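Please keep the structure open while reading.

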Amino acid sequence: MKAYSRIIGSGSYLPPRRLSNSDLVAELAGNGVATSDAWIVERTGIRARHFAAADVCSSDLALEAARLALQAAGVLPRDIDLIIVATSTPDMVFPSTACILQNKLGAHGCAAFDVQAVCSGFIYALTVADAMIKTGAAKRALVVGAEVFSRLLDFKDRGTCVLFGDGAGAVVLEASDQPGILASDLHADGKHAAILCVPGQLSGGKALGDPLLRMDGRAVFKLAVGVLDAAARATLAKAGKLACEIDWLIPHQANLRIMHSAASKLGIPMDKVIVTVDQHGNTSAASIPLALDTAIRSGRAKPGQLLMLEGVGGGFTWGAVLLQL
Ligand code: UT7
C-alpha cells in the first residue's frame, strides 16, 4: 500500500458559447431584467461565463475534461479503477453521472459514483478518492467536477443569474510513495440549507416545488468568508505546514471579493491566488478543478509546489485540501 495519492494529470473544458457581461446584460434586458457590466464586475469580479447548448449534459463536459486529464497523465480509461464525479446538475436522477461518464469513456467495471456537495463537491470528491487510494481500495482515480448550472438559473432573478456558468475540470489521482495530498478537512451544516438551494423535487412525473436556484447572497457571503479560513487553517495544522509555505491558493471561484478576503485572512498576496472567476463565473463543483488545470497548463503551478484548494457551497458545505503537486 502506498502512503499518498498524487495528481498525475489534469484537464478542463468549457462549452464554446461564451457570454460576456454585456452579452448577458443585453439578453436580460429582453426579459425586462436590469443589470450592468459595472455592477457585476464591482460586486463579483465576473466578466464572462460559458453556457452549454441545450442538448449538452454534465457528462459531456466531464468527458472532454476527463480525456484531457487522462492524456496529461498518460493513462488509458481502462487503467482507472475509480471514477468520482462531483455534480449538482446530474444528467439524470439516476444512474449517476459517473456511470454515464464511465460508459462514454469506454471504461467498464470500475467503481463509479457521484458526490453531491454543490460548490464544495470537488473538495469532497478529492478527499474521498484520496482516502480510497490510501486504504488500497483504488490505485488510480479519475476525479471530476462537472456542472451545467445554467439549467438551474432563474433569468428573472438578477441577484443569481449573472453569477453562474457551466464547465468541467478533472484530475487523475494515483497511489504514490511521493507526497501528494497532504491533508484535507471537510464540514457541513445542514441548518443553513435554505440560504443556497434548489428547493424542487420530482414526483409523479412532475417537478414539485421550485426547481430553480435560490440564494441569500449576503448570508452566503458572510458564512463563506469565515468557514474557508477555518478549513484552510485546520488543513495546514493537520499537515504541519504554515500559510506562508503555500505557493498557490486555489479557492472556489464564486466571487472575487470572497477570494480577496480568504487570501488576506491567510496573509497570502493576490499574486499567489489563481483567479478564473472573471472568465468562468461560478461553475460550482467544476470551479476548483477548472482553476487548477488553468494554473497547471499556464505553467504557474509547477511540480513540487504546495497548493491549497478550498471550497464552500450549498448544504452548507465547506472544506480544503492541501497538496504537493
Ligand atoms: O458558490 C457559493 C455561491 N454563492 C456565493 O458565493 C455568493 C455569495 N454572495 C455574493 O457573491 C454577493 O452577496 C452577491 C454578488 C450575490 C450580491 O452582492 P451584494 O453586495 O451582497 O449585493 P446585495 O444582494 O446586498 O444587493 C445590493 C443591491 C440591491 O439593490 P438595493 O436593494 O440596494 O437597491 C440589489 O437589488 O444590488 C442589487 N442587485 C443588482 N443590481 C444590478 C442585485 N443583483 C444585481 C444585479 N445588477 N445583477
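The report goes from the domains to their sheets, and then to the pockets and the cavity.

## Model and domains

This is a predicted model. The chain is divided into domain 1, residues 4-176, and domain 2, residues 181-324. Their C-alpha centres lie 14 Å apart. On the domain 1 side, 56 residues are in contact with domain 2. On the domain 2 side, 47 residues are in contact with domain 1.

## The five-stranded sheet

An open sheet of five strands runs in the order S1-S7-S6-S4-S5. Its pairing is mixed. The edges are strand S1 (4-13) and S5, and each pairs on one side only. Neighbouring strands here are turned by 20° against each other on average, direction ignored.

One pairing can be followed in detail. Strand S4 (residues 82-86) runs parallel to S5, with five bridges between them. Alanine 86 has valine 115 of S5 as its bridge partner. Helix H4 (residues 97-105) packs on this sheet and touches S4, S5 and S6. The direction of H4 makes about 125° with that of S4. Helix H3 (residues 58-73) lies across S1, strand S6 (140-148) and strand S7 (166-176). H3 runs at about 125° to S1.

## The four-stranded sheet

A second open sheet has four strands, in the order S8-S15-S14-S13. The pairing is again mixed. Strand S8 (181-188) and strand S13 (248-251) are the edge strands, each pairing on one side only. On average, neighbouring strands of this sheet are turned by 10° against each other, direction ignored.

S8 pairs with strand S15 (residues 317-324) in the antiparallel sense, over seven bridges. Within that pairing, tryptophan 318 in S15 is the bridge partner of histidine 187. Helix H5 (residues 121-134) packs on the sheet and touches S8, S14 and S15. The direction of H5 makes about 130° with that of S8. Helix H8 lies across S13 and S14. H8 runs at about 140° to S13.

## The largest pocket

How much space lies in the largest pocket? The volume is about 630 Å³. The lining has 23 residues. Ser88, Gln116, Leu152, Val198 and Gly200 lie nearest the centre. By class, the lining has 15 nonpolar, seven polar and one charged residues.

Three strands each supply at least two lining residues: S5 (111-115), S9 (196-197) and S10 (200-203). S10 gives the most, with three residues. Domain 1 and domain 2 each contribute at least three residues to this lining.

## The second largest pocket

The second largest pocket has a volume of about 510 Å³. It is lined by 23 residues. Met215, Gly217, Arg218, Phe221 and Asn255 lie nearest its centre. H7 gives the most, with five residues.

The lining of this pocket divides into 13 nonpolar, seven polar and three charged residues. Why does the second largest pocket lie between the domains? Domain 1 and domain 2 both give residues to its lining, so the pocket lies between them.

## The cavity

How many cavities of 30 Å³ or more are there? The count comes to one. About 40 Å³ of space lies in this largest cavity. Leu228, His252, Ala254, Asn255, Ile258, Met259 and Val312 line it. The lining has five nonpolar, two polar and no charged residues.

Notes
Residues numbered from 1 in each chain as written. Predicted model: local features only at pLDDT ≥ 70, side-chain atom pairs only at ≥ 80, totals over all residues. Heavy atoms only, no water. 1 Å grid on protein atoms, 1.4 Å probe; cavity = no way out; pocket = protein on both sides within 12 Å on 5 of 7 lines; lining within 4 Å. Points joined across faces, edges and corners; volume = space filled by probe spheres on them. Nonpolar A, V, L, I, M, F, W, Y, C, P; charged D, E, K, R; others polar. Domains from an automatic or database assignment. Pairing = 2+ DSSP bridges. Axes fitted to C-alpha atoms, helices over the stretch in contact; angles between N-to-C directions. Contact = heavy atoms within 4.5 Å.
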